Amino acid sequence: MAFDTKKIVKMAEKDFEKTWRETKTLIKDKHIDKKYPRIKPTYGKPHPVMETIEKLRQAYLRMGFEEMINPIIVDEIEIYKQFGPEAMAVLDRCFYLAGLPRPDVGLSNEKLEIIKTLGIHIDESKKETLREVLHQYKKGIIDGDDLVFEIAKALNISNEMGLKVLETAFPEFKNLAPKSTSLTLRSHMTSGWFITLSSLLKKRELPLKLFSIDRCFRREQREDKSHLLSYHSASCVVVGEDVNVDDGMVVAEGLLAQFGFTKFKFKPDEKKSKYYTPETQTEVYAFHPKLNEWIEVATFGVYSPIALSKYDIDVPVMNLGLGVERLAMIIYNYEDVRAMVYPQFYNYKLTDREIASMIKIDKLPILDELYEFAKEIISYCIANKDLESPCSVNIKKDFEFNGEKRTISIEIFEKEPNKKLLGPSILNEVYVYDGNVYGIPQNYEGVKEDYLPILKKAKEEGVSTNITYLDGIIYKLVSKIEEALLSNIDEFKYRVPIVRSLSDINLKIDELALKQIMSENKIIDVRGPVFLNTKINIK
């Protein structure tokens, strides 16, 4: 409902303080199913690897590097030039590319007869056109994915019939086997840098500072928690006449400091790859204060003059390589690279915030008048919960229902002496902490000493559903009143003595959240005495 702005202004001119207090009623309360945390902000979620790549890109750019895209398909001859005697071992880690050979398919009389049995009329013109299509396919003029279309076009038939012709008249295509080439998928970004620099140095002035972040492919024996068949390399080169290992140290520090690493160690790499100059291959260890440990994060070295000379590169080149996935695992606290890169194939872990949003009221009245009545009952119960027993309170409400005036009377009572109207857990609030669900009291009276620290921590660090036991119970009570009105029931009792489960307080939890709680041996502990006793009369 819109505000009556003129009326509010006039009231404020007469008594600002009073109007200020009264106008709070104009801001309506949300429906309990639309209250925080059951409503959530909506936003896209970046992949940790892509997020890390973008951060690395910006880090390199801030350091004055220029971004390049290096060749991803590399002929094996380049590996021999770059790696020398190591080439065979390196190529063992590479994926070779293969392709299907294009068969030399003739148009024999036998094939023509097969086509005719499909109900297709072929004259001399169609025969020659089809023969030309097959010839152009062999020569590579027609692509494979266009072949069916061209056959159909040549014979003046539908694409579906064109496919039928290919399947029945030309079985040669079914028996094709891939034939390997000398081309490989890039296994090291180094393979691309040599090719790029050999061309670029003829066109650009020195010094050069270049970086590239892209995929590499490694033929691992198997994928495990630290190895994938495809990974991203964040690699850079510094090219100039006075370049040496000191440039690698300063680049490593400048790059990694932007990710929170504070101290650095540089150790000679025992692998001693032949494409690096002797005694320049260096491992980078960085200390991360959050993890409180030293971590190997990168490797750098100066390319061997032998390898550089084979590409007519006559100045030193420092190369630094960093595995993006390794850095992302550190940043996002993953232990298994597979679960980080391919979360869709692994169990997704809900956060406490997400679990809290999945805990909702089960039974709710449909009619708005009854929903508002439930809120009145909740307020009335809170105001009277500490009455000494034996005691009772009454709430009445008149309704228009199906054209008839109905009066609902609710008696809330406690007959047993030396108690209170409502039990001590009636205002317990449901929290989610560390994947567990707890019912936490307003104060901690009666809580066992060994359980107290858990509940306190859950209240301080957990996520509240903003639902109390009283909320759930009363909404269910009013839902039952609505059912009684529909069924013409005049009187019934409703009581909740001890809470043992979420259903006792009219709460339900989404199947996804429940599955995670059970699979991780987490708990749902909402036990507590509420001792709500009611008698409902409808006239």
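# Reading strands, helices and rings in a predicted model

In this predicted model, the bridge partner of Y96 in β4 is T184.

Q: To which strands does this bridge belong, and how many bridges do β3 and β4 form?

A: Strands of a sheet pair through backbone hydrogen bonds, either parallel or antiparallel. Here β3 and strand β4 (residues 179–185) pair in the antiparallel sense, over three bridges.

Q: What is the order of the strands in the open sheet?

A: The open sheet has three strands in the order β2-β4-β3, and the pairing is antiparallel. Strands β2 (73–75) and β3 (96–99) stand at the edges with a single partner strand each, so one side of each is left without a neighbour in the sheet. Direction ignored, neighbouring strands of this sheet are turned against each other by 55 degrees on average.

Q: Which helix lies across β2, β3 and β4, and at what angle does it run to β2?

A: Helix α4 (residues 76–83) lies across these three strands, and its direction is at about 70 degrees to β2.

Q: How many aromatic pairs does a search of the whole structure find, and how is such a pair described?

A: A pair of aromatic rings is described by the distance of the centres and the angle of the planes. The search of the whole structure finds 15 aromatic pairs. One of them joins F83 and Y275: the ring centres are 4.7 Å apart and the planes stand at 70 degrees, so the pair is edge-to-face. This pair links distant parts of the chain, because F83 lies in helix α4 and Y275 in the loop between β7 (263–268) and β8 (282–288), 192 residues apart.

Q: Which residues of α7 and α8 meet?

A: From α7 come K126, T129, L130, V133 and Y137, and they meet L147, E150, I151, A154 and L155 in α8. By class, this contact of α7 with α8 has seven nonpolar, one polar and two charged residues.

Q: At what angle do α16 and α18 cross, and which residues meet?

A: The axes of helix α16 (residues 368–384) and helix α18 (residues 469–487) come within 9 Å and cross at roughly 135 degrees. That angle makes α16 oblique to α18. Their crossing is right-handed. In α16, the residues L370, Y371, A374, K375, I377, I378, C381 and I382 meet L470, D471, I474, Y475, V478, E482 and L485 in α18. The residues of this contact divide into twelve nonpolar, no polar and three charged.

Q: How far apart are the axes of α6 and α9, and which residues make the contact?

A: Helix α6 (residues 109–117) and helix α9 (residues 159–169) have their axes 10 Å apart and pack at an angle of about 135 degrees. As a result, α6 is oblique to α9. The crossing of α6 and α9 is right-handed. K111, I114 and I115 of α6 make the contact with V165, T168 and A169 of α9. Its residues divide into four nonpolar, one polar and one charged.

Methods. Residues numbered from 1 in each chain as written. Predicted model: local features only at pLDDT ≥ 70, side-chain atom pairs only at ≥ 80, totals over all residues. Heavy atoms only, no water. Contact = heavy atoms within 4.5 Å. Helix = DSSP H or I, 4+ residues; strand = E, 2+ residues; numbered from the N terminus. Nonpolar A, V, L, I, M, F, W, Y, C, P; charged D, E, K, R; others polar. Pairing = 2+ DSSP bridges. Axes fitted to C-alpha atoms, helices over the stretch in contact; angles between N-to-C directions. Parallel < 35°, antiparallel > 145°, perpendicular 65-115°, else oblique. Left-handed = near helix turned anticlockwise from the far one by under 90°. Phe/Tyr/Trp six-rings, centres within 6.5 Å; stacked < 30°, edge-to-face > 60°.
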